[in-house]
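Reader: I have a model open on my screen and would like to learn how to read it. Could you take me through it, feature by feature?

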Amino acid sequence: MNSSVSHDNPQELGEVQLRQLVSQLREENRRLAELSAFLQAKTEREKASLARELHDSLGGILTPAKMDLAWLEMRIGNEAAYADRVKRLSALIDEGIDLKRRIIEKLRPSLLDHLGLAAALQWHVDDTCRKAKINCKLLLSDTMERLTPDLEIALYRLVQESIANVVEHAQAKNVELRVERTGEGLVLAVSDDGVGIADVDAARNLSRGLAGMVNRVRSLGGTFDLDTRPQSGTRIRILVPL
């Protein structure tokens, strides 16, 4: 039996071409997802390397400066001619140390490496919601184990972007974040009681934050579901296979 396509049948020929086109598009999407995953992982590793370099270099400058200033304070700190300048210099060094810490934490959260994803998420959500004056509830699965560094930082960035979107756009008073291990993989769900999104398609096309989240999830081989209605809040569910 001859299974080849007859060129005398335009409909059959068109179906074959369509299947070939679909196959090519799937292959191209797979390659783009792999490239996106590679670039994201590379960027995060560069951030981690820069964070370590800043920690070592600036720490080697600011820590001795703080020690020398303490030595000076013991000797001239009580003299009226120098007291204000010494105090001002001490405050500037403290600001430099705090700035170094904040920059390093943005580049690579130290809790993520030392205590894992759950502790890093708890700290970030509590800190962000406290500053934004939003009520936050974080529900973490008791069965969460340590994941690979690339996966942990990817999930952390997804939560970071989700909470940032709520703070900047949702006008919400309450937000709930749930992270749990299921038979399918790791589920990350974020819901808020904000104003919702009027035009989801436009938001997907125009919002870099939302588009970045979708691309990051795809690069992990996961799924991204968005449920929103005007004045009814927004719910995001991300599933990442493990």
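Reader: Where is the place of Gln171?

Author: Gln171 sits in the loop between H5 and strand S2 (174-181). Helices (H or I, at least four residues) and strands (E, at least two) are DSSP runs, numbered from the N terminus. This is a predicted model, in which local features need pLDDT of at least 70, side-chain atom pairs count only at pLDDT 80 or more, and totals for chains, interfaces and linings use all residues. Residues are numbered from 1 along each chain as its sequence is written, and side-chain values use heavy atoms, with hydrogens and water left out.

Reader: Is Gln171 buried or exposed?

Author: Buried means under 20% relative accessible area, exposed over 50%, and partly exposed in between (1.4 Å probe, protein chains only). Gln171 counts as exposed because its relative accessibility is 65%. Lys133, with a relative accessible area of 76%, is exposed. Pro149, which lies in helix H5, is at 51% and therefore counts as exposed.

Reader: Which residues of H2 are buried?

Author: They are Val86, Ser90, Ile93, Lys100, Ile104, Glu105 and Leu107. For another helix, look at Glu46 in helix H1 (residues 10-76). Glu46 counts as partly exposed because its relative accessibility is 44%. Its side chain makes a polar contact with the side chain of Lys42 (2.6 Å). A polar contact is a pair of N or O atoms within 3.5 Å; within protein, one must be able to donate a hydrogen and the other to accept it, and residues adjacent in sequence count only if both atoms are side-chain atoms. Glu46 and Arg108 are 62 residues apart along the chain, and their C-alpha atoms are separated by 9.8 Å.

Reader: How many bridges pair S4 with strand S5?

Author: Two strands pair if DSSP finds at least two bridges between them. S4 and S5 (residues 234-240) have 6 and run antiparallel. Thr228 has Thr234 in S5 as its bridge partner. The hairpin of S4 and S5 has 5 residues between the strands, and there Gln231 takes a positive phi near 65 degrees.

Reader: And S3: how many of its residues are buried?

Author: 6 of the 7 residues of strand S3 (residues 186-192) are buried, so S3 is largely enclosed by the rest of the structure. S3 is joined to S2 by 7 bridges in the antiparallel sense, with Ala189 in S3 as the bridge partner of Arg178. The hairpin of S2 and S3 has 4 residues between them, and Gly185 in the turn has a positive phi of about 155 degrees. S3 also pairs with S5, antiparallel, over 7 bridges, and Val187 stands opposite Leu239 in S5.

Reader: Last topic: how much space lies in the largest pocket?

Author: Rolling a probe the size of a water molecule over the atoms shows where empty space is left. On a 1 Å grid over the protein atoms alone, a pocket is an open set of points where a 1.4 Å probe fits, with protein on both sides within 12 Å along at least five of seven lines; lining residues have an atom within 4 Å of a point. Here the largest pocket holds about 560 Å³. Among its 21 lining residues, Lys106, His124, Thr128, Tyr156 and Gln160 are the closest to its centre. H5 gives the most to the lining, with 7 residues.

How values were computed: Points joined across faces, edges and corners; volume = space filled by probe spheres on them.
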